[in-house]
Amino acid sequence: MYVRTVYATGDPAKIDESLDALRVEAPKLLADQPGYRGYSLFADREIGKIMMGSWWESEQAQQNSDDHLKERRAALLAPFAHTVTVDSWEAVVFTPSLQVQAGAGFRLSRFDVDPSNVDLLVQTFKNTVLPKVQAIAGFEGMALLIDPAKGRGSVGAFFTDRAALVASRGAQSAARGEATAKARVTMRSIEEFEVVLVERV
């Protein structure tokens, strides 16, 4: 599975206009594209951040869809965004049948990894991180995304609501610390978002 993420920053006072448009229109636009498998929309209303992730059955489908959708995506984000960053990833580990409701919590951890250590990272994630985070109260789902050519990756974890997200910080931090040492990765950032929409097909 392949994923395209869009990360936009802008004026918090203008975020709701773009979120409302993206919530309604983006799933319809994506559903018309061959190979589409899912869409997620996240927000940090306080700071002014929107993140989206669209899932595709092949790398080619992901690339083709971006060619068709990038102009409309820019228009939907225009009322809010000052900066927009688009990235492509391979989803190397993810929990299936994700059923997450609006208002759930989402934590995103970004890191660097030497391409020679990707296999070690995947094994460590499957054997160490995922079982420990799955045991945390309120856990709903998790994914490991990698761009091996650039030596970058991210982990996204869903929790039932904001309270569960906050309560999970210590336990997930412990699992993260153990995994980064084992897999020799460098953490770059940790962010938290509100889940606006999750759609799987």
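Predicted model: local features only at pLDDT ≥ 70, side-chain atom pairs only at ≥ 80, totals over all residues.

Biologist: OK, what volume does the largest pocket have?

Modeller: About 390 Å³. Its lining has 28 residues, and those nearest the centre are Thr5, Met51, Leu108, Leu145 and Ser154.

Biologist: Which strands supply at least two residues each to that lining?

Modeller: Strands E1 (2-10), E2 (36-44), E3 (49-56), E4 (81-94), E5 (105-113), E6 (139-147), E7 (152-159) and E8 (185-200).

Biologist: And which one gives the most?

Modeller: E7, with 6 residues.

Biologist: How do the lining residues divide into nonpolar, polar and charged?

Modeller: For the largest pocket you get 15 nonpolar, 7 polar and 6 charged.

Biologist: What about the second largest pocket, what volume has that one?

Modeller: That comes to about 190 Å³. There are 14 lining residues, with Trp55, Phe94, Thr95, Pro96 and Arg200 closest to the centre. E6 has the largest share of this lining, 3 residues. By type, the lining of the second largest pocket splits into 9 nonpolar, 3 polar and 2 charged residues.

Biologist: In what sense does E2 pair with E3, and over how many bridges?

Modeller: Antiparallel, over 8 bridges. If you want one to look at, serine 40 has glycine 53 in E3 as its bridge partner.

Biologist: How many residues sit between the strands in that hairpin?

Modeller: The hairpin of E2 and E3 has 4 residues there, and glycine 48 takes a positive phi near 100 degrees.

Biologist: And how many bridges join E2 to E8?

Modeller: There are 6, and those two strands also run antiparallel. Here alanine 43 has glutamate 194 in E8 as its bridge partner.

Biologist: Now the glutamines. Where is glutamine 33?

Modeller: In the loop between helix H1 (15-31) and E2.

Biologist: Buried or exposed?

Modeller: Glutamine 33 is buried, because its relative accessible area is 15% and the cut-off for buried is under 20%. Leaving out residues up to four places away in sequence, glutamine 33 touches Trp56, Ser65, His68 and Leu69.

Biologist: And glutamine 172, where does that one sit?

Modeller: In helix H5. Glutamine 172 counts as buried too, because its relative accessibility is 3%, and buried is anything under 20%.

Biologist: Which residues is glutamine 172 in contact with?

Modeller: Arg107, Val133, Ile136, Met142, Ala157 and Phe159, leaving aside neighbours within four places in sequence.

Biologist: Last topic, H3. Where is the kink centred?

Modeller: On phenylalanine 125. The kink is about 45 degrees, and the helix covers residues 118-134.

Biologist: Which residues of H3 are buried?

Modeller: Val118, Leu121, Val122, Thr124, Phe125, Thr128, Val129, Leu130 and Val133. As for spacing, an α-helix has 3.6 residues a turn, so residues three or four places apart point the same way.

Biologist: And what do the buried residues of H3 pack against?

Modeller: Strands E4, E5, E6, E7 and E8, along with helix H5 (169-183). Val133, one of the buried residues of H3, is also among the contacts of glutamine 172.

Notes
Residues numbered from 1 in each chain as written. Heavy atoms only, no water. 1 Å grid on protein atoms, 1.4 Å probe; cavity = no way out; pocket = protein on both sides within 12 Å on 5 of 7 lines; lining within 4 Å. Points joined across faces, edges and corners; volume = space filled by probe spheres on them. Nonpolar A, V, L, I, M, F, W, Y, C, P; charged D, E, K, R; others polar. Pairing = 2+ DSSP bridges. Buried < 20%, exposed > 50% of the residue type's maximum accessible area, 1.4 Å probe, protein only. Contact = heavy atoms within 4.5 Å. Bend = angle between axes of the 7 residues up to and from the residue.
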